[in-house]
Amino acid sequence: MPLSSVTQRDNERDIPFYESVGNECTMFEHAFHQRLPLLLKGPTGCGKTRFVSHMAAKLGRPLYTISCHDDLTSADLTGRYLLQGGETRWVDGPLTRAVREGGICYLDEVVEARKDVTVVLHPLTDDRRLLPLERTGELLEAPDDFMLVVSYNPGYQHILKSLKPSTRQRFLAMSFDFPPPKVERDIVARESGLPGDQCAALVNLAVSLRAMKGQDLEEGVSTRLLVYCATLIAAGMPILEAARATLVEPLSDDADVQEGLMEAIQATFG
């Protein structure tokens, strides 16, 4: 077998699995090559993070993932001075490393971060593509192979946690949702090893439970939870036990809601 074929197969094994459902992969590639920042919108567990991992590996760029939260500061992104071996040294944060080395920096659930964090991003999201480091006096220019990607779940937005229009309009944007049932069945089967017919039943159940979002549930069943459930079933755990641990307990603490979920699961699997 030619060496190039072996190398190509090895590279394909290193790329995280992602099943495209539209033109999202093409759009990502265009954004990367045109040096444009990208905003991903969609519910929890619908594949946004896996999509970014897949594209980073496909493009051969290192990925720096940052899970945003209320205590995340701009210094967590850019870096800080730390005491090392009796000396005070500057240590780059993940955003700075991505800019210096050329990579994809992904801020997951960016609306959860403090406002000073989004301010740091602004110079990187226009034609300047600059990262000022006030503490070191540096002004870093992002190389061509740097890309900024952020995501959030619009379902969690409220007046105190949303992206300002001035920030949103600095990004290309794509909306994500759960895959069509057939595609989701194939994803769950591939990720878990559970036979396709059983995965189809899980997906049909998930579609029914997602209809409860906004009524009894704050959020619908994610593809991630379906994979967890299918993985437990494939490993030999009884279906109802696996479903309770993955499709009931993570979704609600309300006893009445949990009972309703279990009734739906029992009606599906008996």
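Predicted model: local features only at pLDDT ≥ 70, side-chain atom pairs only at ≥ 80, totals over all residues.

Visitor: At what angle do H9 and H12 pack?

Guide: H9 covers residues 196–210 and H12 covers residues 255–269. Their axes sit 10 Å apart, and the packing angle is about 145°.

Visitor: How many residues of the contact of H9 with H12 are nonpolar, polar and charged?

Guide: On the H9 side you have Ala201, Leu202, Leu205 and Leu209, and they meet Leu261, Ala264, Ile265, Thr268 and Phe269 in H12. Sorted by class, that contact comes out as eight nonpolar, one polar and no charged.

Visitor: Is H2 parallel or oblique to H3?

Guide: H2 (residues 24–33) and H3 (residues 48–59) pack with their axes 11 Å apart, at an angle of about 55°. Roughly parallel would need an angle under 35 degrees, and roughly perpendicular starts at 65. So H2 is oblique to H3.

Visitor: How many charged residues does the contact of H2 with H3 have?

Guide: H2 brings Glu24, Cys25, Phe28, Glu29, Phe32 and His33, while H3 brings Phe51, His54, Met55, Lys58 and Leu59. By class there are six nonpolar and two polar residues, and the charged ones number three.

Visitor: On to the rings. How many aromatic pairs does a search of the whole structure find, and what kind is the pair of tyrosine 18 and phenylalanine 51?

Guide: The search turns up four aromatic pairs. For tyrosine 18 and phenylalanine 51, the rings are 5.1 Å centre to centre with 50° between the planes, which makes the pair tilted.

Visitor: Is tyrosine 18 buried or exposed?

Guide: Tyrosine 18 sits in the loop between H1 and H2, 33 residues from phenylalanine 51 in H3. The cut-off for burial is under 20% relative accessible area. Tyrosine 18 has 14%, so it counts as buried.

Visitor: How far apart in sequence are the parts tied together by phenylalanine 51 and phenylalanine 176?

Guide: Phenylalanine 51 is buried at 0% relative accessible area, and its ring centre is 5.1 Å from that of phenylalanine 176, with the planes at 50°, so this pair is tilted. Phenylalanine 51 lies in H3, whereas phenylalanine 176 is in the loop between strand S9 and helix H8, so the parts they tie together are apart by 125 residues.

How values were computed
Residues numbered from 1 in each chain as written. Heavy atoms only, no water. Axes fitted to C-alpha atoms, helices over the stretch in contact; angles between N-to-C directions. Helix = DSSP H or I, 4+ residues; strand = E, 2+ residues; numbered from the N terminus. Contact = heavy atoms within 4.5 Å. Nonpolar A, V, L, I, M, F, W, Y, C, P; charged D, E, K, R; others polar. Parallel < 35°, antiparallel > 145°, perpendicular 65-115°, else oblique. Phe/Tyr/Trp six-rings, centres within 6.5 Å; stacked < 30°, edge-to-face > 60°. Buried < 20%, exposed > 50% of the residue type's maximum accessible area, 1.4 Å probe, protein only.
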